[in-house]
2 protein chains.
Amino acid sequence: MASETKETKQANYVFVGKKGVMAYVLAVFTQFGAGAKEVIIKARGKSISSAVDVAEIVRNKQTDIKLKSIEISTEEVQTEDGRPLNVSAISITMKK
Amino acid sequence: MASETKETKQANYVFVGKKGVMAYVLAVFTQFGAGAKEVIIKARGKSISSAVDVAEIVRNKQTDIKLKSIEISTEEVQTEDGRPLNVSAISITMKK
């Protein structure tokens, strides 16, 4: 959906997991504060909901940060007993 | 009298909640099977992860159904004790 351009080289990633949502919101603000043009919020499985929360809080709190694109995909991970398992993943690209 | 027959069906909604993911996958297939050109998968809060699962399963199982767009937003709901609460929401539009 998002066209890959040279500027994505400046993108930084925030991987959303089991910490509180505000930890990731802070991580996004920190990366933009350090000069990032784009920050990509990524999550898999049940953390996808939190990734959307992070993106929404970021853009509601700081209106100069915009939503650029959202992509969803399926990734194969290994379960604890070594079997492959498909999980959904999301990448939310925010730009300043 | 017959002038309405050409009218294509507008988008239909599938609201993803606490049921098993396959129930919603089936709902999407059913709506496309009934002639829908687009089906919009919607969810709020923790169900957002399941909505992404539904979209991914649908497009992996039936490759003529494509992902058209994804939107995220913040909606205000009422808590049980009547206070307003912001929750994130997602709308995933699939097209055939």
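Guide: Let's begin with the word "axis": it is a line fitted to C-alpha atoms, for a helix over the stretch in contact, and angles between N-to-C directions run from 0 to 180 degrees. Helices (H or I, at least four residues) and strands (E, at least two) are DSSP runs, numbered from the N terminus. This is a predicted model, where local features need pLDDT of at least 70 and side-chain atom pairs count only at pLDDT 80 or more, while totals for chains, interfaces and linings use all residues. Residues are numbered from 1 along each chain as its sequence is written, chains are lettered from A and ligands numbered from 1 in the order in which they are written, and side-chain values use heavy atoms, with hydrogens and water left out.

Two packed helices are described by the angle between their axes and the distance between the axes. In chain B, the axes of helix 1 (residues 21-33) and helix 2 come within 9 Å and cross at roughly 55 degrees. That angle makes the two helices of chain B oblique to each other (under 35 degrees is roughly parallel, over 145 roughly antiparallel, 65 to 115 roughly perpendicular, and the rest oblique).

Who touches whom? Helix 1 of chain B brings Val21(B), Met22(B), Tyr24(B), Val25(B), Val28(B) and Phe29(B) against residues of helix 2 of chain B that include Ser50(B), Val54(B) and Ile57(B) (contact means heavy atoms within 4.5 Å). By class, this contact between helix 1 and helix 2 of chain B has nine nonpolar, one polar and two charged residues (Ala, Val, Leu, Ile, Met, Phe, Trp, Tyr, Cys and Pro count as nonpolar, Asp, Glu, Lys and Arg as charged, and the others, Gly among them, as polar).

Now for a meeting between chains. The axes of helix 2 (residues 48-61) of chain A and helix 2 (residues 48-61) of chain B come within 6 Å and cross at roughly 115 degrees, so these two helices are roughly perpendicular. Ile48(A), Ser49(A) and Val52(A) on one side meet Ile48(B), Ser49(B) and Val52(B) on the other. That contact of helix 2 of chain A with helix 2 of chain B counts four nonpolar, two polar and no charged residues.

Gly45(A) sits in the loop between strand 2 (38-44) and helix 2 of chain A. Apart from neighbours within four places in sequence, Gly45(A) contacts Ser88(A) and Ser49(B). With a relative accessible area of 21%, Gly45(A) is partly exposed (buried is under 20%, exposed over 50%, partly exposed in between, using a 1.4 Å probe and protein chains only).

Over in chain B, Ser88(B) belongs to strand 4 (residues 84-95) and, at 5% relative accessibility, is buried. Not counting residues up to four places away in sequence, Ser88(B) touches, among others, Val52(A), Asp53(A) and Ile48(B). Its side chain also makes a polar contact of 2.5 Å with the side chain of Asp53(A) (a pair of N or O atoms within 3.5 Å; within protein, one must be able to donate a hydrogen and the other to accept it, and residues adjacent in sequence count only if both atoms are side-chain atoms).
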